[in-house]
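Hi everyone, thanks for coming.

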Amino acid sequence: ILNNIAPAIIGRDPLETEAIWTDLFHYLRGVGRKGLTFAALSAIDLALWDAKAKSMGVPVYSLIGGPKAEKIFCYATGNDVEWYKELGFKAFKLACPYGPADGMDGLKKNINFVERARSIIGDDAELMLDCWMALDVEYTVRLAEQLRHCRLRWMEECLLSEDLLGHVSLRKALPWQNLTTGEHWYTHFPFQWAVSNDVVDILQPDINWVGGLTTCLKIAAIAESGGKKVMLH
């Protein structure tokens, strides 16, 4: 931020969030458009939206259309489902503990792990599985097929974010399973590709990494046009 971004934006009108984002997107092309570079751009973008809202004396959500609901349905992430259930949660997202390197034994342990969680939370609760880029297409398909009776609401980030062809193959192999990803995608362009190719059901950009609120608004518009949902990471 100090060495690359600040010199390019000092003196600019902070209300011009769209123009500043676009200019930085092109300005940073030689540095990179993902990773730390876009975390920095995201930080600047969020700070500018915050400044804009404070200058007008309103919360940021008022600047993007206002609140849509008074409350939202939440889920707990982690593997201590007994505790989350005691707290009153009705939806649970597990962290997948084993992957392809663990062989058939690991696959069986994954299945037993998810089955146990389902038995604890009951049939009326939502259950999801976060795989954090640790699987491949074949393993994901085998796991999903053997967990179909557990009625997973979605399987999340099964593949490396860069494995675009893998995402296409996974959708073809699992048309019945909801798939989500996006926290390790940067800019709105991968999300546009994902919606156009119908590879995921829920887009999950990280507002701190993807390019800030300006990018998330673009992603939301892309999702709505393609009949997809957005759930920020």
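Let me begin with how the elements are named: helices (H or I, at least four residues) and strands (E, at least two) are DSSP runs, numbered from the N terminus. This is a predicted model, so local features need pLDDT of at least 70 and side-chain atom pairs count only at pLDDT 80 or more, while totals for chains, interfaces and linings use all residues. Residues are numbered from 1 along each chain as its sequence is written, and side-chain values use heavy atoms, with hydrogens and water left out.

Let's start with the open spaces. Over the protein atoms alone, on a 1 Å grid, a pocket is an open set of points with protein on both sides within 12 Å along at least five of seven lines; a cavity is a set where a 1.4 Å probe fits but cannot get out, and lining residues have an atom within 4 Å of a point. Grid points are joined across faces, edges and corners, and a volume is the space filled by probe spheres set on the points.

The largest pocket has a volume of about 1,400 Å³. It is lined by 36 residues, and the closest to its centre are Lys68, Ile72, Val230, Met231 and Leu232. Two or more lining residues come from each of helix H3 (35-56), helix H4 (60-63), strand S3 (126-130), helix H10 (212-225) and strand S7 (229-230). Which of these gives the most to the lining? That is H10, with seven residues. For residue classes, Ala, Val, Leu, Ile, Met, Phe, Trp, Tyr, Cys and Pro count as nonpolar, Asp, Glu, Lys and Arg as charged, and the others, Gly among them, as polar. On that count, the lining of the largest pocket has 25 nonpolar, two polar and nine charged residues.

The second largest pocket has a volume of about 150 Å³. Among the residues that line this pocket are Arg33, Trp185, Tyr186 and Trp193. Its lining divides into five nonpolar, two polar and three charged residues.

Now back to H10, and the helices it meets. Two packed helices are described by the angle between their axes and the distance between the axes. Here axes are lines fitted to C-alpha atoms, for helices over the stretch in contact, and angles run from 0 to 180 degrees between N-to-C directions. H3 and H10 have axes 6 Å apart and pack at an angle of about 90 degrees. They are therefore roughly perpendicular to each other, the word for angles of 65 to 115 degrees (under 35 is roughly parallel, over 145 roughly antiparallel, the rest oblique). Ser42, Asp45, Leu46 and Trp49 of H3 make the contact with Gly212, Leu213, Thr214 and Leu217 of H10, where contact means heavy atoms within 4.5 Å.

Helix H2 (residues 17-27) also comes in: its axis and that of H10 come within 9 Å and cross at roughly 95 degrees. That makes H2 roughly perpendicular to H10 as well. On the H2 side, Thr17, Glu18 and Trp21 meet Thr214, Thr215 and Lys218 in H10. By class, this contact has one nonpolar, three polar and two charged residues.

Next, the sheet. Seven strands form an open sheet in the order S1-S2-S3-S4-S5-S6-S7, with parallel pairing; two strands pair if DSSP finds at least two bridges between them. Strand S1 (76-77) and S7 are the edge strands, each pairing on one side only. S7 runs parallel to strand S6 (residues 202-203), and two bridges join them. Ile202 has Lys229 in S7 as its bridge partner.

What about Asp201, and where is it found? Asp201 sits in the loop between helix H9 (189-196) and S6. Not counting residues up to four places away in sequence, Asp201 touches Arg171, Gln177, Asn178, Leu179, Lys228 and Lys229.

The largest cavity has a volume of about 50 Å³, and strand S5 (179-181) is one of the elements that supply at least two residues of its lining.
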